[in-house]
There are 2 protein chains.
Amino acid sequence: MSEADERRLAWVYLSRVVQGPCAALSALIESVGVVEAARAVRERALPESLRGPTEQRRDSYCAAGDLETMRRIGGRVVTPDDPEWPAWRMLGLAQLEAGRDQDGAVPLVLWVRGSRSLLESTERALAVVGARCSTGYGDRVTGEIAGDLAARGWTIVSGAAFGIDAMAHRAALAVGGVTIAVLACGVDRPYPAQHDRLLAEIADVGLVVSEYPPGTVARKHQFLARNRVIAALSDGVLVVEAGLRSGARNTVKWARRMGRPALATPGPVTSAASVGCHRMIRDGEALLVTQACEVIDEAGPLRLSIPGSPPTVTGQAEALTGIRATVYAALPGVGARLPAALAAQSGLPLPEVRAALTELELFGLVGVGENGWHRITSGRATR
Amino acid sequence: MSEADERRLAWVYLSRVVQGPCAALSALIESVGVVEAARAVRERALPESLRGPTEQRRDSYCAAGDLETMRRIGGRVVTPDDPEWPAWRMLGLAQLEAGRDQDGAVPLVLWVRGSRSLLESTERALAVVGARCSTGYGDRVTGEIAGDLAARGWTIVSGAAFGIDAMAHRAALAVGGVTIAVLACGVDRPYPAQHDRLLAEIADVGLVVSEYPPGTVARKHQFLARNRVIAALSDGVLVVEAGLRSGARNTVKWARRMGRPALATPGPVTSAASVGCHRMIRDGEALLVTQACEVIDEAGPLRLSIPGSPPTVTGQAEALTGIRATVYAALPGVGARLPAALAAQSGLPLPEVRAALTELELFGLVGVGENGWHRITSGRATR
């Protein structure tokens, strides 16, 4: 067995063992590597914190079977080893994980149905989520905004639920755009069952994604974890309609924790389906938007802003190594460059350039404006 | 002729001469008194800055006739000499005037139709304004919010225009509440003419108010000046529906300049009549509200916050004289008191206590919270 195959089986095994985010396991993998981590779990040679989360399924040796199941349904597993792993998309969660947020861990792997590259599909993406009990008004607004964005090349990410979610996917499909459904169950289990056909259509031209291995049944807590993946894969989250207790507010919470724009469309104040949106706007949790161009204003050119203490520039630039140093060096002293130009100049692949830029932005060393990325010579990165 | 009569005729004369806000004239009155100022205008013994604004009508000696006209229509003129002059309401404009804002001057007098006290009617007041071309939705929301507030004892201030304005007045009338129409023309000239009957009803149970003398025709620039009076008489401004260029946004601008809450209700994003509201919320010019209780949250217990440089406390308290000193002395060193308690304790009338508190707040010496007014021992008044 090749080392690559061995690693892949280790990822798959671990994904099935923990079924969902597990910061302690991510930390172990980070420290000893995935193959070694898988062995430690199998042999129960674990720190106390990992015994509980791995106890129930550590004897599930069905990695090969899982991969076979995926092949059968035209799917695959995407691991952090794969070129299509959207590493830069995961930086928001990586920050939460680094902040010892147990729930905010980076997914171990993503199970995927559909032939598109996960990395390319999420290059410019907006999550559009909302009430299951949407109104005709909400459906119409979702259709207009999601359709406009999809037609302009934005990927629409949502959760395939009834109501706004389904409308968002359908609007993207209708204009020949790309859409990604993130499920709280295995990608081989259409959920809700009535969206069997919709999910098949999404897999045809877009992607159906889950961090849960095939066969996993949707359970309540998994929806909250799923919402974090929706937020992670997107430049921002738009809520079109939401009741007071809507799950969409949870997705917004994830976006905000990752420093990504949270947006909401208003509606009639007489409509219960807009109460959650109005509350979020009123409380400053979401920005009011009414059309696609306003969404682009807010979530447009990769506008990550990261919470936490402001990093200082001094000494950081000199301490850079590897790809980050190369990309930083490729930036001019004055003026800005687009990622494509930096890739051409440095000889690095575009996704790596982009990931490095985002990391450099986290460090407060570079910023992004209308003309591309630029060095920051003092202070911190501005939004 | 008594001195009081002489002063009244002087106010009335000057009101007719300048017809609208005139900061330079206000400054002259402040410095030499109203009778002397009237004589200076009549005799053209004026600084350069006042010759232009007074030139056209300084020979209009019709003060007695104006007062007779008002008597005939059941009205009166209210001058700063009158007990019902809402001095504390005018503090916002006084601040703008002090900041040499030519357009933001305190009205010289207010011409009034209706038997209620202007001071008492504006004790707790909300301006509700909006689109002339309102929708059924906007009318309904206006009716609900303005009706709820009027039923709870809030005076509804508006401009008697078609659409939202008229709906706001009618909602207050419908629940037996108090409403004030502020006109951009003389109060003897119903404007718009179709609202003749509505204005008569308002005058019956509320007030019709204008800073323009009887007979004055509505001209465009007068509407902008009128909007500042609407904002000045109110604890906050609520816009229910507004197109992109609505005059309601001008009223909001006045409220914001006076540090008073600007509120807007959202509507369907598909409705042109809500575009201005959404824009104001989006741009942070207005807070989103959906119902009366949210309005009260924002505009509720006299929450003035004044723009400008923060005043310091040191020495100011010691320098107080007159009513201000009495009211400040009545406040406990620790804890808060309601205005009524302070009035009882100090033996001063409630309106004077309130006016003094607001002035003390301007100085940064007192603040207001849920339990009433309290001394501020360092820094400045907080909102």
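Ala160(B) sits in the loop between S4 and H9 of chain B. In this predicted model, its phi is near 65°, which is a positive value for a residue other than glycine. Is Ala160(B) buried or exposed? It has 22 other C-beta atoms within 10 Å, so it counts as buried.

Arg44(B) makes a handy partner for that story. Arg44(B) is not a glycine either, and its phi is positive at about 60°. You'll find Arg44(B) in the loop between helix H3 (34–42) and helix H4 (48–55) of chain B. Arg44(B) counts as exposed, because it has 11 C-beta neighbours inside 10 Å.

Here are some backbone spots worth a look, side by side:

| Residue or bond | Backbone angle |
|---|---|
| Ala160(B) | phi near 65° |
| Gly33(A) | phi near 90° |
| Tyr191(A) to Pro192(A) | omega near -5° |
| Tyr191(B) to Pro192(B) | omega near -5° |

The peptide bond from Tyr191(A) to Pro192(A) is cis, and so is the one from Tyr191(B) to Pro192(B). Pro192(A) belongs to the loop between S5 and H10 of chain A; Pro192(B) is in the loop between S5 and helix H10 (196–205) of chain B.

Now for the sheet in chain B. It's an open sheet of 9 strands with mixed pairing, in the order S1-S2-S6-S5-S4-S3-S7-S8-S9. Strand S1 (75–78) and strand S9 (287–288) of chain B are at the edges with a single partner strand each, so each has one side without a neighbour in the sheet. Further in, strand S4 (residues 155–158) and strand S5 (residues 179–182) of chain B run parallel, joined by 3 bridges. Along that pair, Ser158(B) is opposite Ala181(B) in S5(B).

Helices pack on this sheet too. Helix H9 (residues 164–174) of chain B touches strand S3 (125–129), S4 and S5, and its direction makes about 160° with that of S4(B). Helix H13 (residues 275–282) of chain B touches strand S7 (237–239), strand S8 (262–264) and S9, with about 130° between its direction and that of S8(B).

Over in chain A, take helix H10 (residues 196–205). Its buried residues include Leu198(A), Leu199(A), Ile202(A) and Ala203(A). Looking down the axis of H10(A), the buried residues fall within an arc of 140°, so they line one face of the helix. Exposed Asp196(A) and Arg197(A) are on the face turned away from that buried side. Among the elements covering the buried residues of H10(A) are strand S2 (110–113), helix H9 (164–174), strand S5 (179–182) and strand S6 (207–210) of chain A.

Helix H2 (residues 23–32) of chain A has buried residues as well, including Ala23(A), Leu25(A), Ser26(A), Leu28(A) and Ile29(A). They pack against helices H1 (3–18), H3 (34–42), H4 (48–55) and H6 (91–98) of chain A.

Finally, how do the two chains meet? The contact draws 16 residues from chain A and 16 residues from chain B. On the chain A side, helix H8 (136–151), helix H13 (275–282) and strand S9 (287–288) each supply at least two residues. That side has 8 nonpolar, 6 polar and 2 charged residues. A rotation of 180° with 0.1 Å of shift along its axis superposes chain A on chain B, with an RMSD of 0.2 Å. That's the relation of a two-fold axis. The same surface serves both copies, as 100% of the contact residues of chain A recur in chain B.

Conventions: Residues numbered from 1 in each chain as written. Chains lettered and ligands numbered in written order. Predicted model: local features only at pLDDT ≥ 70, side-chain atom pairs only at ≥ 80, totals over all residues. Contact = placed C-beta atoms within 7 Å. Helix = DSSP H or I, 4+ residues; strand = E, 2+ residues; numbered from the N terminus. Nonpolar A, V, L, I, M, F, W, Y, C, P; charged D, E, K, R; others polar. Pairing = 2+ DSSP bridges. Axes fitted to C-alpha atoms, helices over the stretch in contact; angles between N-to-C directions. Buried ≥ 20, exposed ≤ 12 C-beta atoms within 10 Å, placed from the backbone. Arc of directions from axis to C-beta. Least-squares fit on C-alpha atoms with pLDDT ≥ 70 in both.
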